[in-house]
Amino acid sequence: MGFRLREATESASEPGNGQACSDAEYQKVFAELDADQTGVLRPAELCEAYKRLGIAIDLQDAINIVNEVDTNRNGVVDFEEFRQIMVGAAHGDIVDNRLHALAELTMEHNCEESEVAAESG
C-alpha cells in the first residue's frame, strides 16, 4: 500500500482539494511527529505517533511507510520529503499515502484537543 501518482486522466476527473498548507503549518506537524527533534522522522516515531492516535502499527509497517516516501533512501523522512507528500496529496497528485494520512489525523487530533481546551477553559 504505497503512494502512487495519479494518471493525467484521473487528475482531471478527481482533482485534489487544492488546499495546500503553508510551510509553517507543515513544519508544525512535522515537528510534532519528530518526537526526538532530530529533523527527520524515524520509523519508531511513526509508531509512537500512530499510538497517540489510538492506532497500533508494528515497526515493519512503520519502515514500509518511511520507504514509501524516502526518496534518497537513507531510512528516514526529512522535511522536504514530508512536504512533497503533503503538497502532492493536497493537489490530488498523490493518493493512498499513509504518512499523509498520519499527518492529517495528527492535525485533526490537535484541532479536537484545542476545541476541548477552549470549552473547558
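Predicted model: local features only at pLDDT ≥ 70, side-chain atom pairs only at ≥ 80, totals over all residues.

I looked up how helix α2 (residues 23-33) sits against helix α5 (residues 79-90), and found an angle of about 120° with the axes 10 Å apart. That angle makes α2 oblique to α5. I also noted the handedness: α2 crosses α5 in a right-handed way. Next I listed who makes the contact. From α2 I have Asp-23, Tyr-26, Gln-27, Val-29, Phe-30 and Leu-33, and they meet Phe-79, Phe-82, Arg-83, Met-86, Val-87 and Ala-90 of α5. Sorting the residues of this contact by class gave me nine nonpolar, one polar and two charged.

**Entry two: Glu-81.** I stayed in helix α5, where Glu-81 lies. Is Glu-81 buried or exposed? I have Glu-81 down as buried, because its relative accessibility is 4%, and the cut-off for buried is under 20%. Setting aside neighbours within four places in sequence, I found Glu-81 in contact with Val-69, Asp-70, Thr-71, Asn-72 and Val-76. I also checked Val-40, which is 41 residues from Glu-81 along the chain; their C-alpha atoms are 9.7 Å apart.

I moved on to the loop between β4 (94-95) and α6 (98-120), where Asn-97 is placed. Asn-97 counts as buried, with a relative accessibility of 6%. What does the side chain of Asn-97 reach? I traced it to the backbone nitrogen of His-100, at 2.8 Å.

Methods. Residues numbered from 1 in each chain as written. Heavy atoms only, no water. Axes fitted to C-alpha atoms, helices over the stretch in contact; angles between N-to-C directions. Helix = DSSP H or I, 4+ residues; strand = E, 2+ residues; numbered from the N terminus. Parallel < 35°, antiparallel > 145°, perpendicular 65-115°, else oblique. Left-handed = near helix turned anticlockwise from the far one by under 90°. Contact = heavy atoms within 4.5 Å. Nonpolar A, V, L, I, M, F, W, Y, C, P; charged D, E, K, R; others polar. Buried < 20%, exposed > 50% of the residue type's maximum accessible area, 1.4 Å probe, protein only. Polar contact = N/O pair within 3.5 Å; in protein donor to acceptor, adjacent residues only side chain to side chain.
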